[in-house]
Amino acid sequence: MMMIPLNITKTIHDWLYSVMPENAASITEMLLIAIAYLALFAVAGLYLVLLERKVAAWFQLRLGPNRVGPFGLFQTMADALKLLSKELTSTDKTDKFLYNLAPFFVITTSLIALSVFPFSKQFQAFDINIGVFFLIAVSSIGVIGILIGGWSSNNKYAMIGAMRSGVQTISYELSVGLSIITMVLLTGTLQLSEIIEIQRTGGWLIWQGHIPAIIAFMIFMIAGTAETNRAPFDLVEAESELGAGFHTEYSGMKFAYFFLAEFINMFIIASIAVVLFFGGWLSPFGITEGITWFPEVLWFLIKVLIIIFLMMWFRWTFPRLRIDQLLTLEWKYLLPINLVNLVVMAIIIWLNLTF
Amino acid sequence: MSYFSDIYNGIKTLLTGMSVTGKYFIHARKGSLTQQYPDNRETLKMFDRFRGEVVMPHDENNEHRCTGCQKCEIACPNGTIEIIWDRGIDEETGKKKKKIDKHIYHLGMCTMCGLCIEACPTDAIVWAQNYENSVYDRTKLSKVLNQPGSKVKAGIED
């Protein structure tokens with residue numbers, strides 16, 4: 001049920017139900033929440049791009065964007081405005097329908113996945129009881145957008161990029177899924193809010209599950225980086241080989257959708273990691289447990305940003321893998337380790353060795 | 001079993017790489033290499049090996065070291081240097097002697113290869129480190145390197 005008893009939405013909620021019939025109010029509320037999420041994550045995506053550029057600059061002993069606004073804070077806003085005002089070009093023989101559909105596919109799936117995350121105790125749009133399953137299912141759809149985009153562009157580089165993305169995502173989906181299942185063994189529930197409730201009493205899951213949880217976390221980070229098609233797994237858009245990969249033929253706002261979706265996907269992977277391993281919006285050692293006014297969403301965001309920083313650290317350190325190395329890593333290393341790890345986790349829970 | 005040692009070595013080398021970039025990240029605020037060019041115009045100094053343009057240094061008596069041997073003109077692969085010379089009578093010995101009238105340098109044609117400077121036997125021309133060489137009219141790119149009224153330093157030809 002679409003109910004968010006946030007303080008601010010509570011007022012709006014009551015007001016809407018007082019002026020409209022119940023159905024209309026419900027639909028209006030849904031629309032309002034959708035717009036709020038869209039706006040929030042457009043801005044979040046833009047600032048993640050800025051963060052990426054800043055972090056990249058610091059890793060390379062540069063300064064990064066620092067001209068537009070204080071410390072370059074409006075740089076990505078300006079970039080987005082530029083992209084908005086640009087012409088939407090396409091080549092002659094594109095499949096027009098699929099070509100225009102692809103960016104929306106990518107951005108919509110990443111936005112759907114965001115709806116189930118508990119950003120704080122109250123701030124969760126859709127507390128579904130199969131949350132983890134829903135996340136795995138939805139986050140896999142994004143690759144269809146990439147495949148459609150690459151296919152309909154009628155460009156061999158875009159095509160190769162999209163096919164590589166398909167290979168990569170299908171392979172690494174297994175590792176993401178299995179490492180999540182390892183943690184689900186520990187929690188015994190798929191509902192994200194309940195997973196966090198379990199961590200409130202017993203400590204964060206990475207502490208409860210100790211060794212297998214840490215291994216699962218490492219595998220999840222590697223496979224998650226591969227899922228978002230980021231370096232060192234960015235074969236999809238390997239600049240030196242494929243131009244820009246699957247979005248070679250896209251311009252203007254359609255390109256910006258792909259670009260934003262990449263960063264929102266990174267946010268999603270980091271959020272899953274935070275919820276499943278680091279206690280979601282729970283404060284470390286319960287230091288703000290008793291403080292009612294403290295915004296718990298802050299803890300969630302801090303943890304997510306740390307994980308995102310880790311992914312950026314990967315990106316600006318490691319060289320890109322070859323396609324055979326990529327598949328070797330998945331099928332010969334991550335997958336067997338993951339399966340063994342799953343059994344180890346089961347044994348540990350059976351013998352009651354969890355903390 | 002190289003399988004497990006491969007994993008171990010892989011993780012070890014990855015962590016080594018991350019520690020290297022991590023150190024860079026921490027020191028980035030102090031050791032940034034970026035030059036914010038138009039802002040630091042006054043203080044920005046190019047390194048010694050930078051090839052801005054060819055100049056002919058003159059000392060305080062308005063004397064240069066160019067004997068007019070034309071080796072630089074011959075060495076230049078694209079005719080950037082043009083020397084207008086003349087024979088004048090040397091006051092001390094009374095003999096006829098070659099001396100330069102104008103040492104013309106076309107910056108617009110120069111590829112900064114440095115062959116002229118290598119060829120010069122008396123080190124009369126050197127690299128300057130200036131870099132703001134853009135002008136509105138390309139005739140301004142042709143420069144006379146020897147200053148008006150200058151003459152060759154005594155004892156250079158010996």
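A salt bridge here is a side-chain nitrogen of Lys or Arg within 4 Å of a carboxyl oxygen of Asp or Glu. This is a predicted model, where local features need pLDDT of at least 70, side-chain atom pairs count only at pLDDT 80 or more, and totals for chains, interfaces and linings use all residues. Residues are numbered from 1 along each chain as its sequence is written, chains are lettered from A in the order in which they are written, and side-chain values use heavy atoms, leaving out hydrogens and water.

**View 1. The salt bridge between A:Arg67 and B:Asp39.** The closest N and O atoms of this pair sit 3.2 Å apart. The count between chain A and chain B is one salt bridge.

**View 2. Where chain A meets chain B.** Here 20 residues of chain A are in contact (heavy atoms within 4.5 Å) with 20 residues of chain B. About 1800 Å² is buried between the two chains, with carbon and sulfur atoms giving 69% of that; buried area is the accessible area (1.4 Å probe) that two parts lose on being put together, summed over both. Look for A:Trp58, A:Leu61 and A:Leu63: they supply 35% of the area that chain A buries against chain B, more than any other three residues.

**View 3. Helix 9 (residues 210-227) and helix 13 (residues 323-350) of chain A.** Their axes come within 9 Å and cross at roughly 150°, so helix 9 of chain A is roughly antiparallel (over 145 degrees) to helix 13 of chain A. Axes are lines fitted to C-alpha atoms over the stretch in contact, with angles running from 0 to 180 degrees between N-to-C directions; helices are DSSP runs (H or I, at least four residues), numbered from the N terminus.

How values were computed: Helix = DSSP H or I, 4+ residues; strand = E, 2+ residues; numbered from the N terminus. Parallel < 35°, antiparallel > 145°, perpendicular 65-115°, else oblique.
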